[in-house]
Amino acid sequence: MDVLQALLLGIIQGLTEFLPVSSSGHLEIGHVLLGVKGHNNLLFAVVVHGATVLSTLVVFREDIFSLFKGLFAFRWNEETKYISLLLLSALPISILGLLFRVQIESLFVENLVFVGSMLLVTASLLAFTYFAKSREKKLDWVDAVLIGIAQAMAVMPGISRSGATIATGLMLGKKKGDMARFSFLMVLIPIIGANVIDLLSGEVGSGESIGILPLAVGFVAAFVSGLLACKWMIKIVKKGKLIYFAAYCLIIGLIAIFAG
């Protein structure tokens with residue numbers, strides 16, 4: 001992987017991690033177009049995912065500080081409940097990832113038809129939010145499980161994690177701003193967990209070697225683009241403009257299917 005490829009893939013990762021267009025799907029398309037073997041670059045994937053985690057921490061630093069402050073009060077309060085909801089939402093993807101990760105990944109490596117089909121699923125989910133009406137309901141335990149299941153669906157490249165979770169929350173009648181916040185905070189647990197597992201597995205760096213410069217460029221590109229995309233996405237969700245991303249996913253999905 002050269003510096004230009006790292007720059008482009010870093011930007012794609014940062015933007016699509018938060019925008020509801022599927023980061024895994026776009027990265028798979030990017031790997032094919034740039035001639036990069038994605039399965040041989042686990043180290044790069046860990047680095048750019050770490051960059052998007054950092055951008056999330058920066059954007060939601062005040063919320064995260066408030067949650068930990070409430071947690072270390074060592075009593076049941078709104079912050080403790082919210083953290084419990086985040087942990088509960090992470091269970092479906094954690095179970096799926098631990099038990100079937102290898103099998104799932106083997107199904108769709110460089111399979112543009114599959115990626116395109118899943119992008120059509122994302123387009124459908126986002127289109128449904130156009131008709132969703134907020135009932136101003138707070139998140140509860142059932143909501144956390146259902147939104148967590150939606151997140152687990154996003155192991156399929158082409159199904160957007162943020163799109164699936166936000167769309168599910170909106171269709172459950174949750175407030176737009178609350179769902180944007182919950183969606184971006186809930187991803188921290190599975191991404192950090194997956195990165196730790198990858199690092200402990202010993203597989204990182206076992207494929208094609210990647211230089212320090214491409215890794216650094218990819219990290220910075222993913223962090224900066226992720227920072228901008230995260231802030232932008234919060235505004236988009238509050239304004240209810242997800243229908244435009246539905247149209248985008250529909251177009252890109254069809255292109256991927258015909259190109260495959």
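Buried means under 20% relative accessible area, exposed means over 50%, and partly exposed is in between, with a 1.4 Å probe and protein chains only. The model is predicted, so local features need pLDDT of at least 70, side-chain atom pairs count only at pLDDT 80 or more, and totals for chains, interfaces and linings use all residues. Residues are numbered from 1 along each chain as its sequence is written, and side-chain values use heavy atoms, with hydrogens and water left out.

## Overall build

The protein chain has 12 helices and zero strands. Helices (H or I, at least four residues) and strands (E, at least two) are DSSP runs, numbered from the N terminus. The radius of gyration is 18 Å, which agrees with the value near 18 Å for a compact globule of 260 residues. That radius is taken over C-alpha atoms, and the globule rule is 2.2 Å times the number of residues to the power 0.38. Along the principal axes, the C-alpha atoms fill a box of roughly 50 × 40 × 35 Å.

Of the 260 residues, 47% are buried. Contact means heavy atoms within 4.5 Å. Among contacts between residues at least 6 apart in sequence, 84% join residues at least 24 apart.

## Surface and charge

The protein chain exposes about 12800 Å², and carbon and sulfur atoms supply 70% of it. Accessible areas come from the Shrake-Rupley method with a 1.4 Å probe; for residues, only the protein chains shown count as cover. The 20 positive and 16 negative charges have mean positions 13 Å apart. Lys and Arg count as positive, Asp and Glu as negative; His and the chain ends are not counted. Each charge is placed at NZ of Lys, CZ of Arg, CG of Asp or CD of Glu.

## Nonpolar cores

A nonpolar core is a set of buried Ala, Val, Leu, Ile, Met, Phe, Trp, Tyr and Cys residues joined through side-chain atoms within 4.5 Å. The largest core has 45 residues, of which F60, F182, L185, M233 and L242 touch the most other members. Helix 11 gives the largest share of this core, seven residues. A second, separate core has 11 residues, including A6, L27, F44 and I210.

M233 has contacts with F18, L19, P20, I166, F184 and L242, leaving aside residues up to four places away in sequence. W232 lies in helix 11 (residues 212–239). W232 and F18 are 214 residues apart in sequence, yet their C-alpha atoms are 8.9 Å apart in space.

T56 sits in helix 3 (residues 42–59). Beyond its neighbours within four places in sequence, T56 contacts F18, F184 and L188.

## Four residues by accessibility

| Residue | Relative accessibility | Class |
|---|---|---|
| T56 | 1% | buried |
| S22 | 1% | buried |
| W232 | 46% | partly exposed |
| F74 | 70% | exposed |

## Two loop residues

S22 lies in the loop between helix 1 (3–18) and helix 2 (23–34). Its phi is near 80 degrees, a positive value in a residue other than glycine. F74 is in the loop between helix 4 (61–71) and helix 5 (78–108). F74 is not a glycine either, but its phi is positive, at about 55 degrees. S22 counts as buried at 1% relative accessibility, whereas F74 counts as exposed at 70%.
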